Amino acid sequence: PKEASAIVDEFLAMADHDGARKYSGLMAKAGLANRDQFGTFLDSLELAGDGLEYGVEHGDLSHQILATWSMVDKWWIVDSGNDAGDDDGGVAAVVPAASEPRPDDETDDVRDVHALVAQFKLDLPVHDHAARSEMEEGDEVEEGDEVGGSNGKDPASSRMEFVEGTLKPYIESGVAIIVSTISAVEHSLFGGADGLAFVYFEGNSKASKDQATVKATLDELWKRLRPGGILAGHDFTRAHLGVAHAVSEFAVRHGLTLYLTQVQVKRVDVQGNEIPPCCPSWYFFKPNADGSMHANEEKAPGVVATVNAMPMKSYSLAA
């Protein structure tokens, strides 16, 4: 079988002369090498302000961002603590419980996006560290094998206790703030100059990555982002096809360029788990109010090249 990184390269290689892949309204370009570089990327862009992670898992990305993004003011963590996924940060409640058929007036561009995503066959194994809800249907979890090593505790509460311990210095300093719903984030001028500078959609469960839920979540997060800010997320893979569909359709609907990272490098996470290569991330820049490209996106290619050339730094607590 082909290496996952080679499949990503093939997806991005179907390009025209300027290196951009255009497919009925969708443009995708290679971006950062992997998501572990986001903090350095934000600093190099001189992007200052508040950031947010929607669904924190065990705090791996939040710890990395806070350790490398020196220009962050506040880092909001939106997580209901409910690993079942029926209330993931206050957005899932507005999504119909049953999957709805695509509307008849759906554009040809969006229909073609479905065909594009279907071609992106990134098959990755289900790893031991994956959440139970993301395991293959029918897989069984032996007693004592719960995610996060709950040792008899409720897995969700144990997970959030671990997150709070991991991020304790940032929480005590007032930089990191954990809230249960998106409405608790203190930004009155959503989308204006005081909006969020960076948002990352992680999600904690399979339910939170259903196509309809991702679509609703992206709409809510986009409203809170300022022009020139970055909306990013995880799992642009076949295993999470709802994410790939919703993200691609969002790009077409808003006329955005979709930037894709390569597969994450092998590393050790904040729990001390060795994580194999996995799961490309995606990101967009929010344009100016008049729809024109923001200066942050204009200078991003040079910044990406510089950041990608930097040696990777370990940010693991276990390292």
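Good morning. Apart from neighbours within four places in sequence, Asp219 is in contact, meaning heavy atoms within 4.5 Å, with Phe250 and Arg253. This is a predicted model, in which local features need pLDDT of at least 70, side-chain atom pairs count only at pLDDT 80 or more, and totals for chains, interfaces and linings use all residues. Residues are numbered from 1 along each chain as its sequence is written, and side-chain values use heavy atoms, with hydrogens and water left out.

Asp219 lies in helix 7, residues 211–223; helices here are DSSP runs of H or I with at least four residues, strands are runs of E with at least two, and both are numbered from the N terminus. Asp219 counts as partly exposed because its relative accessibility is 25%; buried means under 20% relative accessible area, exposed over 50%, and partly exposed in between, with a 1.4 Å probe and protein chains only.

I turn now to the cores. A nonpolar core is a set of buried Ala, Val, Leu, Ile, Met, Phe, Trp, Tyr and Cys residues joined through side-chain atoms within 4.5 Å. The largest has 31 residues, and among those touching the most other members are Leu231, Val247, Leu258 and Phe284. Helix 8, residues 241–254, gives the most to this core, with 7 residues. A second, separate core of 30 residues includes Ile65, Ala176, Phe198 and Val307.

Finally, Asp269 sits in the loop between strand 9 (267–268) and strand 10 (274–275). Asp269 counts as buried, because its relative accessibility is 8%.
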